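Hi,

Here is the model we talked about handing over. Please open it and keep it beside this email while you read.

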Amino acid sequence: MKAAVLEALDKLVVKEVEDPVIGPDDALVKVRACAVCGSDVRIFHHGNNRVKPPAILGHESSGEIVAVGERVTGFKVGDRVAIGADVPCGDCAVCKAGYGNNCQINYAMGYQFQGSFAEYVPLNKTMLAYGPVHKIPNNMSFEEGALAEPLACVLNAVEFAGIKLGDTGVIMGAGPIGCMIIPVALMSGAQKVIVINRSPGRLDFAKKVGADVVICSSEEDQVARVLEETGGLGADVVFTANPSPQSHIDALAMARNRGRVNLFGGLPAGTKVEMDTNLIHYKELIVTGAHGSVPRHHLQAIGLIASGKLDMKAFVSHRFPLDDVNEAFRLAESKEGLRVVVKPWGE
């Protein structure tokens, strides 16, 4: 089969590799769509201790099952499926408690398990038994199915932040993930959603998907503007959906007393942030992180997309064949568009 192979840092090569061989408890999926995530770009440039080149990346995907092992009962040939990233081991105390995204083994598609920047992706026994692989209805496109993975991460973050009816939320970062938080926050009860971004271009899209207020942080003081928009009180919930250390600092300043701050966007490895923890102490802030999702979030995401309540088609800005995967990565990193999707079969 043809696949995009990460041979070394900054070296992604499209070439023929051996077809995956599945066992009696496995399945094989013909990949129809695989989106480029920011973490794929980071691995491409900086690597990851769970990714050992040569490796095939890609964890936001969907496709059609073309083969199943003789002991597989939950899926059959012809099933249309969406595939997520984080795969619980299913055996440890954390996984059994329902928090498989915090599993100490931390299996993931496109990391220890082969990813989907390829014509075919195998799903092993662990993935089929415990992972985020779910059937999708015929009215859902494969592109929409691939975006169930990032949407699942959003659902995890919004759930963890505990948005309540009437809350004011701030989202720092208007990339694809930040913009996905907007409609989910509104559906969860937020009365007002404020979106902040350094460049003005993506703020137009943020408004299209429901932002009430947009702030260009390169043109005005984001903390002062949030305080102005909230009558000096600050926001009930603040999400940092970007890789900027300064956003972590400013999030504490723009949160109201007893507000919640969700550090959603990861920072480069080893980054240290000097934060005024007195703000946490005296304002009684709740500061949390959010990492990935668990399979139930992936299933919830599919349900929301299938119902038409969330329009994931609007988040796909560019499509590329597998041969042009390097251009897809370049475009995703340039932030010229939103989600960039690779279609191995050019459909």
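**A buried isoleucine**

Ile 182 is buried, with a relative accessible area of 0%. Keep in mind that this is a predicted model. Ile 182 sits in helix α6, residues 176-187. What does Ile 182 touch, leaving out residues up to four places away in sequence? The list is Ile 171, Val 193, Val 195, Ala 206, Val 209, Gly 210 and Ala 211. Take Ile 171 from that list. Ile 171 and Ile 182 are eleven residues apart along the chain, and their C-alpha atoms are separated by 7.7 Å.

**The parallel sheet**

Strands β10 and β11 run parallel and are joined by five bridges. Both belong to an open sheet of six strands. The order is β12-β11-β10-β13-β14-β15, with parallel pairing. Which strands are at the edges? They are β12 and β15 (286-289), and each pairs on one side only. On average, neighbouring strands in this sheet are turned by 15 degrees against each other, direction ignored. Helix α9 packs on the sheet and touches β10, β11, β13, β14 (255-263) and β15. The direction of α9 makes about 155 degrees with that of β14.

**Helix α8**

Helix α8 covers residues 222-229. Its buried residues are Gln 222, Val 223, Arg 225 and Val 226. Seen down the axis of α8, these residues fall within an arc of 165 degrees, so they line one face of the helix. What do the buried residues of α8 pack against? They meet strands β10 (168-172), β11 (192-197), β12 (213-216) and β13 (235-240), plus helix α9 (245-254).

Helix α1 (residues 38-46) packs on helix α12 (residues 325-334). Their axes are 10 Å apart, at an angle of about 110 degrees. Angles of 65 to 115 degrees count as roughly perpendicular, so α1 and α12 are roughly perpendicular to each other. From α1, the contact uses Asp 40, Val 41, Phe 44 and His 45. From α12, it uses Asn 326, Phe 329 and Glu 333. The residues of this contact divide into three nonpolar, two polar and two charged.

Strands β1 (residues 2-8) and β2 (residues 11-16) pair in the antiparallel sense over six bridges. Lys 2 has Glu 16 of β2 as its bridge partner. The two strands form a hairpin with two residues between them. In the turn, Asp 10 has a positive phi of about 65 degrees.

**Backbone points to check**

Most residues other than glycine have a negative phi, and most peptide bonds are trans. Here are some exceptions.

- Asn 106 has a positive phi, near 65 degrees. Asn 106 lies in the loop between α2 (93-96) and β7 (107-108). Asn 106 is buried, at 18% relative accessible area.
- Arg 258 also has a positive phi near 65 degrees. Arg 258 is in strand β14. Arg 258 counts as exposed, at 59% relative accessibility.
- Pro 53 and Pro 54 are joined by a cis peptide bond, with omega about 0 degrees. Pro 54 lies in the loop between α1 and β4 (60-68).

Best wishes

Methods:
Residues are numbered from 1 along each chain as its sequence is written. This is a predicted model: local features need pLDDT of at least 70, side-chain atom pairs count only at pLDDT 80 or more; totals for chains, interfaces and linings use all residues. Side-chain values use heavy atoms; hydrogens and water are left out. Two strands pair if DSSP finds at least two bridges between them. Helices (H or I, at least four residues) and strands (E, at least two) are DSSP runs, numbered from the N terminus. Axes are lines fitted to C-alpha atoms, for helices over the stretch in contact, and angles run from 0 to 180 degrees between N-to-C directions. Angles under 35 degrees count as roughly parallel, over 145 as roughly antiparallel, 65 to 115 as roughly perpendicular and the rest as oblique. Contact means heavy atoms within 4.5 Å. Ala, Val, Leu, Ile, Met, Phe, Trp, Tyr, Cys and Pro count as nonpolar, Asp, Glu, Lys and Arg as charged, and the others, Gly among them, as polar. Buried means under 20% relative accessible area, exposed over 50%, partly exposed in between (1.4 Å probe, protein chains only). The arc is that of the directions from the helix axis to the C-beta atoms.
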